[in-house]
Amino acid sequence: MRAMRTWLGVLLLSLLLVGCGFSLKRSAPLSPALAELALDPGAADAALVEGLTRELGAAGATLKPLNAPGVSVLTLSDYALRRDVVSVDERAKVGEYELHLKLSYAVSDAEGAALLKPTPLELSRVYSFDEQQALAAAQEEEVLRRELIADAVAQIIERLQRVQAPAPR
């Protein structure tokens, strides 16, 4: 009997969520101007390029090689991922680090005209460092690096979803 009530409660909650318009986030399609796209990664991290490739495909873009005729180009530049000391303790030991990810991206159409001018993107995360737990701190730093890259990919894709093709002349 209790299982039946639980089941009915879950069913009722599901119906309420569906009825209010709730749905999981999906990638919005890209503009037709970005349907065929080449990626010029510059010196970007392989994880960033992999994430962009995956998300661009999910958003409906067909990735083409650079210099392919008739394709728009997403160019990444000024990529830097660095770690800075934020604070030190009373023994002059590092207490916190900050990871910074910085890059710029731009989109040009097949003729080289700018669809999106160079757009800077900067993200950062702070984490505590305890020399007694150096292995855990290294693992935390790696998780934060992956999160920064995933956030950068998401922000770039969101911006690309708003790029419009220029009006015909």
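What percentage of the 169 residues of the chain count as buried? The share is 30%, where buried means under 20% relative accessible area, exposed means over 50%, and partly exposed lies in between (1.4 Å probe, protein chains only). This is a predicted model, in which local features need pLDDT of at least 70 and side-chain atom pairs count only at pLDDT 80 or more, while totals for chains, interfaces and linings use all residues. Residues are numbered from 1 along each chain as its sequence is written, and side-chain values use heavy atoms, with hydrogens and water left out.

**Overall make-up**

- The chain has three helices and five strands, which are DSSP runs numbered from the N terminus (helices are H or I with at least four residues, strands are E with at least two).
- Read from the N terminus on, these elements follow the order α-β-α-β-β-β-β-α.
- Among contacts between residues at least 6 apart in sequence, 68% join residues at least 24 apart, a contact being heavy atoms within 4.5 Å.
- The chain exposes about 11,000 Å², and carbon and sulfur atoms supply 56% of that area; accessible areas come from the Shrake-Rupley method with a 1.4 Å probe, and for residues only the protein chains shown count as cover.

**How the strands pair**

- Strand 1 and strand 3 run parallel and are joined by four bridges, and two strands are said to pair if DSSP finds at least two bridges between them.
- Leu39 stands opposite Leu74 in strand 3, and Leu74 in turn stands opposite Val107 in strand 4.
- Strand 3 and strand 4 run antiparallel and are joined by 13 bridges; they form a hairpin with five residues between them, and Ala92 in the turn has a positive phi of about 65 degrees.
- Strand 4 and strand 5 pair in the antiparallel sense over twelve bridges; this hairpin also has five residues between its strands, and Gly112 in the turn has a positive phi of about 95 degrees.
- Strand 4 is mostly covered, with twelve of its 15 residues buried.

**The largest nonpolar core**

- The largest nonpolar core holds 34 residues, of which Leu48, Leu52, Leu74, Leu76, Leu103 and Leu160 touch the most other members.
- Two or more residues of this core come from each of strand 1 (36-40), helix 2 (46-58), strand 3 (72-88), strand 4 (94-108), strand 5 (114-128) and helix 3 (134-160).
- Helix 3 supplies the largest share of this core, eight residues.
- A nonpolar core is a set of buried Ala, Val, Leu, Ile, Met, Phe, Trp, Tyr and Cys residues joined through side-chain atoms within 4.5 Å.
- In soluble globular proteins, nonpolar side chains tend to be buried together.
- Leaving aside neighbours within four places in sequence, Leu52 is in contact with Leu39, Leu74, Leu76, Val153, Ile156 and Ile157.

- Thr62 lies in strand 2 (residues 62-64) and is partly exposed, with a relative accessible area of 39%.
- Not counting residues up to four places away in sequence, Thr62 touches Ala35, Glu36 and Leu37.
- The C-alpha atoms of Thr62 and Leu34 are separated by 8.4 Å, although the two residues are 28 residues apart along the chain.

**Salt bridges**

- A search of the whole structure finds seven salt bridges, each being a side-chain nitrogen of Lys or Arg within 4 Å of a carboxyl oxygen of Asp or Glu.
- Glu36 and Lys64 meet in one of them through their side chains (3.7 Å, N to O), and this pair links distant parts of the chain, with Glu36 in strand 1 and Lys64 in strand 2, 28 residues apart.
- Both ends of that pair are partly exposed, Glu36 at a relative accessible area of 34% and Lys64 at 32%.
- The side chains of Arg54 and Glu55 also meet in a salt bridge (3.8 Å, N to O), and Glu55 is partly exposed, with a relative accessible area of 25%.
- Arg146 forms a salt bridge with Glu142, the closest N and O atoms being 3.8 Å apart; because they are four residues apart in helix 3, Arg146 and Glu142 are separated by about one helical turn.
- Salt bridges that share partners join Arg83, Glu141 and Arg145 into one network.
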